[in-house]
Amino acid sequence: MEHVTFEITGMSCGHCVKAVDKALQQTSGVTVEAVAIGSAHVAFDPAQTSAEQIAHAIDDAGYQVVATR
């Protein structure tokens, strides 16, 4: 498992946190560790997905990933 933290813009409330959490949980190979306004920390199986695919899932939920660490 690899770990990554995404910095996310466009999140401003609990609904945003839930929307990002849901998008991440629906991404195969991802274990959500923490989602807060402006960030998400996940573990993922690189055999099933990549950080780029996870960022795309966040973007598809309506938020923008501005950095990963």
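These legends go with close-up views of a predicted model.

View 1. Four strands form an open sheet. Their order is β2-β3-β1-β4, and the pairing is antiparallel. β2 and β4 (64–68) stand at the edges. Each has a single partner strand, so one side of each has no neighbour in the sheet. On average, neighbouring strands are turned by 30 degrees against each other, direction ignored.

**View 2. Strand β1 beside strand β3.** β1 covers residues 2–9, and β3 covers residues 39–44. The two strands pair in the antiparallel sense. Six bridges link them. Glu-7 stands opposite Ser-39 in β3.

View 3. Strand β2 spans residues 30–36. With β3, strand β2 forms an antiparallel pair over six bridges. Val-35 has Ala-40 as its bridge partner in β3. For Ala-36, the bridge partner in β3 is Ser-39.

View 4. Helix α1 is made of residues 14–25. This helix lies across β1, β2 and β3. It runs at about 170 degrees to β2.

**View 5. Helix α2 on the sheet.** Helix α2 takes in residues 51–60 and packs on the sheet. The strands that α2 touches are β1, β2, β3 and β4. The direction of α2 makes about 30 degrees with that of β1.

Definitions and conventions. Residues are numbered from 1 along each chain as its sequence is written. This is a predicted model: local features need pLDDT of at least 70, side-chain atom pairs count only at pLDDT 80 or more; totals for chains, interfaces and linings use all residues. Side-chain values use heavy atoms; hydrogens and water are left out. Two strands pair if DSSP finds at least two bridges between them. Axes are lines fitted to C-alpha atoms, for helices over the stretch in contact, and angles run from 0 to 180 degrees between N-to-C directions. Contact means heavy atoms within 4.5 Å.
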